[in-house]
Amino acid sequence: MLLPQSDVSQGELNADPWEPHLPGASPGTRPVARPLAPVTLALMAGMAAPAWGLHLPEPWLLAVGVALWAALALLWWQQRPARFLPLILFGLLGVAFYQQAWQPDFPPGHLAKLPQHQNLTIFGHLNRPGKLAGERVQLFMAAAAWRSPWGWRPVAGNLLVLAPAPEPPPVGAPLVVRGRLAPPHMLQNPGTFNRPRFLAADGLFREVRLSDPERLIWLAETQDYPWGERLRGGIRELLKGLDPAGRAIYLAMLLGNQGEVTQEMRRNFARTGTSHLLVINGMHLGAVAAVTYFLSFWLLRRFPRLLLRINAVKIATLLAAIPVVFYAWVAGGSPSTQRAEVMVLACLLLVLLGRPKEVWSALALAALVILTLSPLRLFSISFQLSFVAVAFLIYLVPRLAEWLRWTGSDHPIPGAAAGLSFRIKEWFIVSVVACLATAPLAAAYFQIVSLLGILVNLVAIPLVLVLALPLGEAAVISQAFSLTPVAQVLIFVGKFPLWLGYQVVQWGARVPGAAIITPTPTWLMIAAYYAIPILVFYPRRSYLTWTGAGLAGLVLLTAAALPLATAPKAMEVTCLDAYGGLEGVIVSPENRRLVVSAATPPRWGRPAPGWGPLPGYCHWRRFRSLDLAIALNLNEANAGELLTLDQQFNVGSYWYGRRDRDGPAYWDLANYLGDRGATPRSLARDRPPTALGRVDLKYVKLAPEAGLALEVAYQGQRVLLIPPVGGLGADALPAAAGPLAALVIPAELAGPQDRKSILDRLNPRRVVVYGDPVRSGAARSPWPVPCQFTREGAVSLYLAASEVTARQRRP
């Protein structure tokens, strides 16, 4: 039956009869093909906005949210398209999720409500496997009660305990901790890792640092440990017969325990771009799922009659999900493992539903679930690396593979070799795309980019993830059924591909130029980098996409060359927020650089060696070389940091003043510098440098046992930097020859009782205080001269002939 022409519009005649149509939408209007992708991107944008400075009060969020809901309801009632309103709503939800996750409303019985910075006794149980980190262990404790002046009271919340324990006990072990509750500390310097936000993603808002092992008491367990913990203990016993490297890698891959991975191993994996092998991620779970799927499908095909009654693809998919869930559970359920589990299960779900090509929807679904449960995961390096790598594999590999088919059609390879040749080329493309996609993020977080990562991954991934890992997981399953002999055989077989894979990693790491140390790129540079391949390989390319790719390349090159083209116009003295000591950078007008360090005597509870603020700040400033490194106080607290500087920068020479209590970190520094012919020299016994370009350097003796202070002068402006004095009073400081443009002092000398003496003897026009001003009382009353505290942000002084200006930078 034909309808009159007036009843059928031209848009309806041309519409696809199988295409879904929105009620009330204009004729020919197409719905969004994959709505999860834009919704997830909008949620991510909303979560990222507060990190860039956007903060909306809760009443505003509620009012705008209600208005958006009302607008969407009205549009639905009128059957009109909503257009961008749902995306705005999800962006607003992202803002609300971030603010609630970062600053939650704690209930009255939470750890955050207890007295802070006071010795408290807390009882609880371990709720996650502990992590070894050098000479200390990280324990994740679920608090149950605390001892108040009126007796034991219930308390809730997760607590991070840093203790000098030799090995973490099993999950579920009861313990009692006595220490000071404190929020996780973050240095207020540009380029600093946001540790509080990282811990908040795991629900950790308080920590306790213990220096005395007797403050950590393990209680006797009245019941058997959970079956899962007994299984993990059995796996550790199975791995004791392996060589140290193989045992460390298997522990990291099977149980998520990286405590036995040495620094040398970490450097080898970082230089070859294979650090992802040590972290349980989507590749690990995906490899286990893929091997299980193909083995199950192959076995089902051996029974033709059974194939007439069942769907082999769906059965194999369901069977592949079982080891994925089991693997994630055995690994302890760490955040990265949970994220990878959600990603792999989302992909398996699409295969089960008969839509295996909807990979974008699977990726968006996984991200949506993870970020809804834990919004702060968006800022996790593992989350960013995983999703960026998978997104670029989905986007670029099919296009490059199609180009590979087109270019190879002129010279076809006969026989079965054609398929093998294409698979090898396709695997090479996957390795190239994955390495290029993660390179800017690796540079941003780790300041290293592997040049051999493409080739090493091409060999190491099949050996480690396709052969060794499934054998190890099969050993875990065998151990779960008490088949210990079978598990031993599987581990014995799996150690050979694992050993061979690590030999490839070691060989690649020893190649000169295997990796390059890079300065920290800006987020503008990272965005321009990713825009180039997106626009170049856009499906419908036009002059606009080519123009956009060219502009992105121009922005990238300009941002990279800008620091090299700009020169300072005055002398700069920057004092960084540090863990109690003096850390600073001095830059002359000729762009020559000096780093100065003076650490407080080492004590337990400080970060591991090499974790000081200088390397991260120098990378943030995009320095590649340092002319001088002067340690006014050299000890275990800053020797590791100076070693990191020499490993990542081209340092001209090292000098030290006072040397306290040599230890392993100092001897590592001395041996490393000695191997390259740059042994640290003494400021007291040798002839130290007296100039840095046009900046004069002078070393001031404080007291017989107090070491040296550093005075820098430029065009008549002088700045005196005093190291931690260790009990030396302000009256013992030497009098200045004239007024100082600025004085940099530790907080222990900035108390109200020492101010008058300091102002009379040194006569500074400006004061910079480093250290903890609250504990020393330096912040209790105002100074008569301008005063800034590094605990509130890095302080930069700019000295010219006529003036001294100051600027404070924060992360």
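Does asparagine 763 count as buried, partly exposed or exposed, and at what relative accessibility?

**View 1. Asparagine 763 in the loop between helix H23 and strand E21.** In this predicted model, local features need pLDDT of at least 70, side-chain atom pairs count only at pLDDT 80 or more, and totals for chains, interfaces and linings use all residues. Residues are numbered from 1 along each chain as its sequence is written, and side-chain values use heavy atoms, with hydrogens and water left out. Asparagine 763 counts as partly exposed at 42% relative accessibility (buried is under 20% relative accessible area, exposed over 50% and partly exposed in between, with a 1.4 Å probe and protein chains only). Its phi is positive, about 50°, although asparagine 763 is not a glycine.

**View 2. Arginine 622 in the loop between helix H20 and strand E13.** Arginine 622, a residue other than glycine, has a positive phi near 65°.

**View 3. Helices H21 and H22.** The axes of H21 (residues 636–648) and H22 (residues 664–675) come within 7 Å and cross at roughly 30°, the axes being lines fitted to C-alpha atoms over the stretch in contact, with angles from 0 to 180 degrees between N-to-C directions. H21 and H22 are therefore roughly parallel to each other (angles under 35 degrees).

Note on methods
Helix = DSSP H or I, 4+ residues; strand = E, 2+ residues; numbered from the N terminus. Parallel < 35°, antiparallel > 145°, perpendicular 65-115°, else oblique.
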